[in-house]
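Hi,

Here is the structure for your set-up work. My notes follow below it.

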Amino acid sequence: LFLVITFLALYAWRDWYRTLCGLILLMAVIEHPDMPKTMFGVQGLNPWNLLLLVVVAAWLLDRIRAGPTWDLPAHIGVLLLAYLAVVLVGFARMMHDPGPLAESGTASLVSEFLVNTLKWVVPGLLLFDGARSRERFLWGLAATLGIYLLISLQVIRWMPWSSVLSGAELEARSARVLLREVGYHRVNLSMMLAGASWAIFACHGLPRRWWLRVGVLALAGVVLYAQALTGGRTGYATWGIVGLVLCTLRWRRYLLLL
């Protein structure tokens with residue numbers, strides 16, 4: 001892990017955008033129990049956060065040299081500011097009356113409920129600013145969807161179909177194993193993968209060669225299979241609703257299949 005982080009941190013000064021894609025892929029293991037949560041005893045300093053700081057620094061340096069005009073659409077900016085306002089108001093109320101959370105300490109509360117809540121917006125903004133060509137767009141798209149593919153492979157690794165004999169056993173085993181080995185609760189995994197399989201499916205028209213299109217469809221099937229192994233029934237229903245909406249808006253011929 002530290003070799004990968006070190007390589008990406010050094011490569012960021014040559015191409016911060018591809019390093020950003022690597023940073024995004026690491027989100028697939030950021031909640032894994034083996035992922036270090038702190039470094040050098042500093043609250044909130046972990047390998048992922050450290051690499052994010054390096055990427056932001058490299059991005060700022062690139063913009064200072066010859067960066068393009070910042071052209072975020074105004075309505076997206078308004079939505080982001082509204083999100084920021086909700087987070088800040090909620091954080092201020094919590095700090096005013098933390099209740100049982102006061103036992104965690106101020107530094108832990110700031111790290112967990114302020115920094116860790118807002119930092120996830122940063123990679124998205126950097127993706128928007130950096131994806132200014134088809135090649136970069138495909139890099140960013142592959143990295144984003146790659147998160148869910150890597151998570152799916154972890155689910156399949158730890159939830160072999162041969163070990164499941166009934167629905168009740170599936171729920172019991174997934175609740176016990178997935179949180180320990182993947183880092184996410186089975187219900188959350190099912191909800192995450194519910195949209196991911198459709199997102200990958202929606203990309204099947206991007207490749208120019210037919211065998212690549214078939215490969216994209218196969219990857220969507222892998223994610224769907226992993227979702228089935230989570231035992232998250234709410235995610236199952238969400239998958240159906242998302243598919244119904246997408247098929248109604250875009251692929252009406254697939255309504256028969258759905």
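Is aspartate 15 buried or exposed? Aspartate 15 counts as buried, because its relative accessibility is 16% and buried means under 20% relative accessible area, with exposed over 50% and partly exposed in between (1.4 Å probe, protein chains only).

First, the ground rules. This is a predicted model: local features need pLDDT of at least 70, side-chain atom pairs count only at pLDDT 80 or more, and totals for chains, interfaces and linings use all residues. Residues are numbered from 1 along each chain as its sequence is written, and side-chain values use heavy atoms, with hydrogens and water left out.

Aspartate 15 sits in the loop between helix H1 (2-11) and H2. Its C-alpha atom is 15 Å from that of isoleucine 5, ten residues away along the chain. Glycine 22 belongs to helix H2 (residues 16-25). Glycine 22 is also buried, with a relative accessible area of 16%. Glycine 22 and glycine 77 are 26 Å apart, C-alpha to C-alpha, and 55 residues apart in sequence.

**The chain**

There are eleven helices and zero strands. Helices (H or I, at least four residues) and strands (E, at least two) are DSSP runs, numbered from the N terminus. The C-alpha trace spans about 50 × 50 × 40 Å along its principal axes. Of the 258 residues, 35% count as buried. Take contacts (heavy atoms within 4.5 Å): among those between residues at least 6 apart in sequence, 68% join residues at least 24 apart.

**The largest pocket**

Its volume is about 460 Å³. A pocket is an open set of points on a 1 Å grid over the protein atoms alone, where a 1.4 Å probe fits, with protein on both sides within 12 Å along at least five of seven lines; lining residues have an atom within 4 Å of a point. Grid points are joined across faces, edges and corners, and the volume is the space filled by probe spheres set on the points.

The lining has 18 residues, with Leu138, Ala142, Cys203, Pro207 and Val216 nearest the centre. H7 gives the most, eight residues. Helix H7 (134-158) and helix H10 (210-230) each supply at least two.

Best wishes
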